[in-house]
Amino acid sequence: MSGKILPTHARVVIVGGGVMGVGLAYHLANEGWGADTVLLEKAELTSGSTWHAAGQITHSTSSFGLGKCVDYNIGLYSGALESETGQPVTWHGCGSFRLAYTEDEMDWLHHTLSVGRSLGFNIELVGPEKVAELHPFYNLDGVLGALHTPDDGHVDPTNVTMAMAAGARQKGVQIFRNCRATNITQAENGEWVVETEMGTITCEHVVNAGGTYARQMGEWSGLQLPMTSMTHHYFVTEPVPEFQNLDKELPVIRDDRKVSGYIRMEQQRGLIGIYEKENPNSVWHDHCPWEYENWLFDADYDRVMPWLAESLNRMPIFANLGIQREVHGAISHPPDGNPLIGPAPGVRNYWCCCGTQIGIGWGPGLTRELARWMVHGAADISMREFDPRRFGSYATRDWQVIKAEEDYCLRHEIPFPHFNRLAGRPIKPSPLYELLKSKGAVHEEIYGFERPRWFARDGVKQRDHYSFRRTPADDMVAVEVKAVRERVGIMDVTAFTKVEVSGPDAYALLDRLTANRMPQKVGSITLTHMLNRRGRIELETTIVRMAEDRFYLVCAAFFEQRLLDHLTQQCAEEDVQIAALSAEWSALSLNGPRSRDVLARCTDADLTNAGFRWLCAQEITIAGHKVWAFRMSYAGELGWELHMPNTACLDVYNALWAAGELHGITDYGSFAMNVMRMEKGFKGAGELTNEVTLAEADVLRFARTDKVYLGRDKTLNTDLPWVCAYLEIEPDGEIDGHGGEAVMLDGRGVGSTASVVYGHTVGKILAFAYIRPEAATPETALQVVIHGSPRAARVLGEPAYDPQSLLPRTDTAMETA
């Protein structure tokens with residue numbers, strides 16, 4: 001910003017002037033922080049990855065959260081932004097098709113159609129003849145069908161960014177170009193100091209929107225932000241004679257199978273984008289050179305030639321044309337492909353707005369949610385899949401490269417449910433990893449840990465079986481569920497987050513951060529929720545009172561850093577110590593009607609109801625090791641969780657296994673655990689998100705009205721736009737649903753599913769769904785759109801299995817009666 005002096009203070013400083021940084025500035029201004037926001041760009045706006053983006057955007061997504069974002073973005077691009085700012089955005093509303101050549105791809109499109117209907121998209125599944133009608137030049141040999149999203153299109157990346165910049169400036173944001181940040185540090189008072197070539201500016205909030213520079217910028221502040229720059233090609237042909245007299249633009253074609261990319265018109269030329277499925281190219285492992293602006297690499301035709309050649313086969317009218325422009329630029333890829341949007345781990349008010357591989361397609365919607373998070377304390381969509389704290393210290397630079405290259409190759413593959421990304425693993429194996437693997441365990445990675453999903457038995461191969469339909473793995477899960485329900489099962493749950501809070505003020509801190517009554521006696525257990533200032537759910541945790549001044553917290557693995565940050569940042573003057581124990585402590589879950597018999601053979605502790613009450617904790621001895629035993633059960637059966645140092649885990653497991661052989665003990669994994677919690681009507685991470693209050697999640701029974709805690713008044717609000725309902729859905733063949741499906745009442749949409757499983761014990765599909773309150777009354781008849789077709793469903797008023805919850809409280813006398 002020539003002629004303007006950099007201010008010395010601001011509420012927010014955004015570093016990076018691409019579509020993400022500018023988008024955040026625009027949306028912070030919309031939330032009322034415009035006059036308090038400064039954006040710094042080292043060169044010209046959009047001179048990083050934004051300027052060379054192809055600019056497509058589509059409603060074709062199976063992610064419910066991203067679906068909300070892209071729908072907002074398309075509305076912004078197609079008229080709202082230009083109308084507001086007066087700046088052209090060059091929107092091309094040509095629509096698009098995503099093609100399917102195999103039955104698996106057709107299943108994917110059917111699922112995407114169901115998600116799209118829940119979001120109210122203009123979307124349909126069509127045959128090849130419809131594609132040919134709207135795009136007569138594409139070779140459709142082998143095509144079975146396509147997803148048609150007619151409201152899609154593409155936009156000029158520079159124009160849309162400049163329009164958002166104009167909108168931000170109109171509401172007070174100051175934008176400084178040619179002002180490179182050189183360091184970001186935190187002062188003793190918690191403020192952030194941003195050093196630049198134009199001076200130093202101090203702020204309350206700093207935002208890393210550095211694009212390909214974001215990782216090295218994080219290092220200034222001692223942060224490890226996992227992302228790697230990957231290079232991507234697209235090519236623009238010479239003018240296409242057949243395009244000269246068209247009366248409207250052809251739809252974008254997304255051909256994941258043959259082209260591994262996209263083909264569209266670029267004015268009167270053709271544009272071909274390719275994500276090669278092998279030999280991906282990562283660059284700048286150490287750092288991105290600061291002098292690179294509007295930078296492109298030379299085209300590597302050898303790398304992309306198989307897909308480029310096939311693109312010419314699919315678009316024969318391109319075959320005799322030359323390539324007029326080669327675009328080979330770098331794009332950030334996090335290890336799992338999802339952007340880093342939210343708080344950086346371990347610090348206060350350092351925000352990530354980076355790692356976005358599809359900035360034009362996802363950026364404005366995600367930055368709107370980040371702005372809401374920063375200003376109001378929570379976003380309006382679930383941010384779990386984007387939260388930068390989903391990675392831990394295990395995400396080293398070498399591992400980041402391995403995972404980013406894997407992600408790039410998967411960019412145009414079918415996103416099967418539960419797809420298991422295997423590169424760079426194992427990174428955090430539990431003490432039982434090798435033993436369980438030898439017994440057939442198929443593991444998944446969760447916050448770096450290896451957790452068993454299911455166990456291969458009875459000739460089923462020990463590999464992942466991917467499909468939108470039931471697979472041989474589902475048969476194995478049924479075996480595991482039956483074993484736990486009828487006998488006894490054991491699961492390695494070491495991946496759980498385990499945090500100790502101790503000190504004179506430990507009770508006081510936890511009491512004002514939790515909605516439920518704190519455990520009063522040593523050895524008592526409470527399930528509770530921590531909320532943000534909007535009254536929405538930060539996380540669910542179990543709290544065990546280990547001593548008068550010592551508490552042990554257990555929650556889902558991916559919430560570890562979130563829990564640590566929430567505790568430390570909400571701590572005022574309390575005298576407490578907060579310690580993460582997850583890496584040093586292991587845990588086992590023992591469940592089933594014979595679990596007491598098994599445990600009794602391994603310990604002298606009194607395991608009767610009189611000696612070991614439900615929701616009670618004791619230190620017991622197993623195989624010569626001191627073990628903390630918690631009488632609780634996520635499976636809804638008689639059971640215990642056993643927590644111990646890593647050095648004890650193998651001995652304890654072997655002792656329990658030997659004692660359990662008499663009772664038919666069986667290993668089980670997270671898939672069976674998920675089925676059983678759904679049969680019991682227990683809500684999990686898929687339902688308890690930052691989108692909802694306790695009332696909306698229908699878990700107010702875990703909230704107290706006679707205590708003061710963070711978010712209390714907001715979460716007790718009973719004016720509900722939606723509520724979490726428990727559904728039973730009629731099975732129909734081998735397709736059960738996977739979450740995000742539309743829920744209908746008398747033919748009109750009333751919400752969508754959050755979690756869906758087939759309940760092997762009850763023989764029904766079970767789901768949690770967020771729906772309008774008028775549709776959530778028990779016994780209400782609904783329909784759920786699964787695989788593109790409505791299924792009969794009804795709202796349940798109690799758990800499908802053991803509705804009175806008698807089994808977890810079973811006593812020895814009851815067993816032998």
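Tutor: Helices here are DSSP runs of H or I with at least four residues, numbered from the N terminus. The model is predicted.

Student: Is H412 buried or exposed, and what is its relative accessible area?

Tutor: Apart from neighbours within four places in sequence, H412 is in contact with D256, S260, G261, Y275 and K277. Buried means under 20% relative accessible area. H412 is buried, with a value of 7%.

Student: How many bridges join β25 and β26?

Tutor: β25 covers residues 525–531, and six of its seven residues are buried. One of its residues, M530, has L539 in β26 as bridge partner. β25 and β26 (residues 537–547) pair in the antiparallel sense, and the number of bridges is seven.

Student: Which residue in the hairpin of β25 and β26 takes a positive phi?

Tutor: Five residues lie between the two strands of this hairpin. The phi in question is near 80°, and the residue is G535.

Student: Which residue of β27 stands opposite T497?

Tutor: β24 (residues 497–502) pairs with β27 (residues 550–555) in the antiparallel sense over six bridges. In β27, the residue opposite T497 is C555.

Student: How many of the eleven residues of α13 are buried?

Tutor: The buried residues are E560, Q561, R562, L563, L564, D565, H566 and L567. What covers them includes the strands β24, β25, β26, β27 and β28, along with α12 (506–513). α13 is therefore largely enclosed by the rest of the structure, and its buried count is eight.

Student: How many disulfides does the structure hold?

Tutor: A disulfide needs two cysteine sulfur atoms within 2.5 Å. The sulfur of C69 is 12 Å from the closest cysteine sulfur, in C353, so they are too far apart for a bond. C353 is in no disulfide either, with the nearest cysteine sulfur, that of C354, 7.1 Å away. The number of disulfides is zero.

Student: What is the relative accessible area of C353?

Tutor: C69 is buried, with a relative accessible area of 1%. C353 is also buried, and its relative accessible area is 1%.

Student: What is the handedness of the crossing of α11 and α16?

Tutor: The axes of α11 (residues 472–486) and α16 (residues 670–679) come within 9 Å and cross at roughly 60°. That angle makes α11 oblique to α16. V477, E480, V481, V484 and R485 in α11 meet F671, A672, V675, M676 and E679 in α16. The crossing is right-handed.

Note on methods:
Residues are numbered from 1 along each chain as its sequence is written. This is a predicted model: local features need pLDDT of at least 70, side-chain atom pairs count only at pLDDT 80 or more; totals for chains, interfaces and linings use all residues. Side-chain values use heavy atoms; hydrogens and water are left out. Buried means under 20% relative accessible area, exposed over 50%, partly exposed in between (1.4 Å probe, protein chains only). Two strands pair if DSSP finds at least two bridges between them. Contact means heavy atoms within 4.5 Å. Axes are lines fitted to C-alpha atoms, for helices over the stretch in contact, and angles run from 0 to 180 degrees between N-to-C directions. Angles under 35 degrees count as roughly parallel, over 145 as roughly antiparallel, 65 to 115 as roughly perpendicular and the rest as oblique. A crossing is left-handed if the near helix is turned anticlockwise from the far one by less than a right angle, and right-handed if clockwise.
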